Amino acid sequence: VDVTGVTTTVTVGTARRIKVSGWLHAETTVAGDTLAIEIQQDSVRIKLLQIAIATANQSYLFYVQHVLTPSAGSHTYKLTAQRAAGTGTITIANTSDREAHILVEDIGAA
């Protein structure tokens, strides 16, 4: 489930390494809910981060990154988040004061 609305498409040359980074704000109404944050390449998960939120009704900033050597060509990268466990409501915001971002960087030859 893409609740962040954050995607980017990049064209990768041959034998290049890239770093995909994503960060977002989230909060939950119940302590102990688990938030699952994914980075996807072409709708396939390449990185999963699961975090138990310690305190209810607080805003948290989460960061996840992954380094990979994709095949040459155009790829779409997406940051997604959803509740993996628990009963509360997790809110992911992409607003001026609670932003969600994804960044793709070329970090050199493979």
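Biologist: In which strand is the place of arginine 16?

Modeller: Arginine 16 sits in strand E2; strands are DSSP runs of at least two residues, numbered from the N terminus. This is a predicted model, in which local features need pLDDT of at least 70 and side-chain atom pairs count only at pLDDT 80 or more, while totals for chains, interfaces and linings use all residues. Residues are numbered from 1 along each chain as its sequence is written, and side-chain values use heavy atoms, with hydrogens and water left out.

Biologist: What makes the link between arginine 16 and aspartate 106 a polar contact?

Modeller: Their side chains are joined at 2.9 Å. The term covers a pair of N or O atoms within 3.5 Å; within protein, one must be able to donate a hydrogen and the other to accept it, and residues adjacent in sequence count only if both atoms are side-chain atoms.

Biologist: Why does aspartate 33 have no salt bridge?

Modeller: A salt bridge needs a side-chain nitrogen of Lys or Arg within 4 Å of a carboxyl oxygen of Asp or Glu. For aspartate 33, which is buried, the nearest side chain of opposite charge is arginine 83, 4.8 Å away, so there is none. A polar atom of the aspartate 33 side chain does lie 3.0 Å from the backbone nitrogen of glycine 88.

Biologist: Where is aspartate 33 placed?

Modeller: Aspartate 33 is in the loop between strand E2 (16-28) and strand E3 (34-41).

Biologist: Why is the pair of tryptophan 23 and tyrosine 63 called tilted?

Modeller: Rings of Phe, Tyr and Trp (its six-membered ring) pair if their centres lie within 6.5 Å; planes under 30 degrees apart count as stacked, over 60 as edge-to-face and the rest as tilted. Here the centres are 6.1 Å apart and the planes 35° apart, so the pair is tilted. Tryptophan 23 is in strand E2 and tyrosine 63 in strand E5, 40 residues apart.

Biologist: What makes the pair of tyrosine 60 and phenylalanine 62 stacked?

Modeller: The angle between their planes is 20°, and the centres are 5.9 Å apart, so this pair counts as stacked.

Biologist: How do you know that phenylalanine 62 is buried?

Modeller: Its relative accessible area is 10%, so phenylalanine 62 is buried.

Definitions and conventions: Helix = DSSP H or I, 4+ residues; strand = E, 2+ residues; numbered from the N terminus. Buried < 20%, exposed > 50% of the residue type's maximum accessible area, 1.4 Å probe, protein only. Lys, Arg positive; Asp, Glu negative; His and termini not counted.
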